[in-house]
Amino acid sequence: MKWTRTQLGFTLIELVIGLGIASFLITAIVQLVIAAGASYQLQQNLGALQENARFALSTIQREIEAAGFQQQPWKTRADWAIDSTEGVSTVSDKLRFRRWSDRNCYDNLNMALDEKGNSKFFLRETSFVVTSSDNLAQTCRYGPDSGQLTTQINSLGLVQNAEALQALYAEDSDSDGNADRWVAAGQWLDEANILAVRLAVLLASPDPVSHPPGGSIKVLDTIIKPSNDSRIRRGFESTFTIRGRSN
């Protein structure tokens with residue numbers, strides 16, 4: 001009986017084909033992983049933009065709505081409620097609001113007490129501005145009157161990657177109880193007739209995400225030319241009424 005040896009293994013052509021298929025599969029898997037990672041990073045940055053905008057607007061909203069509040073409504077008029085500045089930088093207005101409060105800048109009850117043992121109402125002044133380092137910053141002063149305010153919070157960064165802060169003010173110029181025009185800070189006829197504030201903030205994503213460059217962005221009454229750094233940019237806008245002045 002004659003035995004024959006069976007040849008095992010692959011031919012060169014089979015090896016080349018197998019390596020080609022393997023390379024194709026590996027490339028496809030790598031591309032899928034890269035795409036999944038890019039999508040995850042995009043979603044993370046979009047989420048951060050939304051969260052930062054929500055925090056920034058809600059923080060300023062509290063000060064706008066309470067502007068001008070005083071604990072003694074029989075007074076003819078409180079200290080000014082709004083003393084904002086238009087265009088303190090090329091990208092930012094400065095928003096400043098005052099109200100009387102029994103809580104200081106840290107939201108702790110005033111340690112000074114009245115004759116009934118309750119915390120006294122002091123003047124609380126809060127301002128917001130976008131700094132040169134792209135931070136939305138807050139400054140807060142507190143004291144018994146406008147001549148005795150102590151700075152308790154000084155340029156505290158609230159939100160990073162803030163690139164613009166703009167505001168317009170709804171004025172009731174004919175004193176009929178309804179706002180009839182929007183004006184920039186200081187352009188009103190009478191600050192006491194400001195009923196609401198329209199606020200806009202421009203935010204950039206924390207990370208570059210290979211986002212295609214965009215053109216100029218209009219933030220209320222100001223045109224902003226952002227950097228071409230592959231970051232996502234979104235403008236967020238809202239209007240808040242001054243509660244004590246609204247009908």
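Asparagine 110 sits in the loop that runs between strand E1 (95-101) and strand E2 (122-130). In this predicted model, asparagine 110 is buried, its relative accessible area being 9%. Its side chain makes a polar contact of 3.5 Å with the side chain of tyrosine 142. Apart from neighbours within four places in sequence, the residues in contact with asparagine 110 are Asp102, Arg103, Ser119, Lys120, Phe122 and Tyr142.

## The four-stranded sheet

An open sheet is built from four strands in the order E1-E2-E3-E4, with antiparallel pairing. From one strand to the next, the twist averages 20 degrees.

Strand E3 (residues 135-143) and E4 run antiparallel and are joined by seven bridges; glutamine 138, for instance, has leucine 156 in E4 as its bridge partner. Threonine 139 also belongs to strand E3, and with a relative accessibility of 19% it counts as buried, because the cut-off for that class is under 20%. A polar atom of the threonine 139 side chain lies 3.0 Å from the backbone nitrogen of serine 155.

In soluble globular proteins, nonpolar side chains tend to be buried together. Here the largest nonpolar core holds 33 residues, of which Ile60, Ile82, Phe97, Leu136 and Tyr169 touch the most other members. Two or more residues of this core come from each of helix H1 (12-66), E1, E2, E4, strand E5 (162-171), strand E7 (194-204) and E10, and H1, with six residues, gives the most.

Leucine 136 illustrates how these elements meet: not counting residues up to four places away in sequence, it touches Ala56, Ile60, Phe128, Val129, Val130, Leu156, Gly157, Leu158, Val159, Ala162 and Leu165. A second, separate core has eight residues, including Leu168, Leu202, Leu220 and Ile224.

## Salt bridges

The count of salt bridges comes to 14. One of them joins the side chains of glutamate 63 and arginine 99 at 3.3 Å, N to O, and it links distant parts of the chain, since glutamate 63 is in helix H1 and arginine 99 in strand E1, 36 residues apart. Both partners are buried, glutamate 63 at 5% relative accessibility and arginine 99 with a relative accessible area of 16%.

Aspartate 83 and arginine 96 form another salt bridge, in which the closest N and O atoms are 2.6 Å apart. Aspartate 83 lies in the loop between H1 and E1, whereas arginine 96 lies in strand E1, so the pair ties together parts that are 13 residues apart in sequence. Each of the two is partly exposed, aspartate 83 at 30% and arginine 96 at 21% relative accessible area. Arginine 233 and aspartate 229 also meet in a salt bridge, at 3.0 Å from N to O; arginine 233 counts as buried at 11% relative accessibility, while aspartate 229 is partly exposed at 26%. Through salt bridges that share partners, Asp83, Arg96, Arg98, Glu125 and Arg141 are joined into one network.

## Glycine 244

Glycine 244 is placed in the segment after strand E10 (233-241), and at 73% relative accessibility it counts as exposed. Glycine 244 and glutamine 70 are separated by 174 residues in sequence, yet their C-alpha atoms are 9.3 Å apart in space.

Conventions:
Residues numbered from 1 in each chain as written. Predicted model: local features only at pLDDT ≥ 70, side-chain atom pairs only at ≥ 80, totals over all residues. Heavy atoms only, no water. Buried < 20%, exposed > 50% of the residue type's maximum accessible area, 1.4 Å probe, protein only. Polar contact = N/O pair within 3.5 Å; in protein donor to acceptor, adjacent residues only side chain to side chain. Contact = heavy atoms within 4.5 Å. Pairing = 2+ DSSP bridges. Axes fitted to C-alpha atoms, helices over the stretch in contact; angles between N-to-C directions. Core = buried A, V, L, I, M, F, W, Y, C linked by side-chain atoms within 4.5 Å. Salt bridge = Lys/Arg side-chain N within 4 Å of Asp/Glu carboxyl O.
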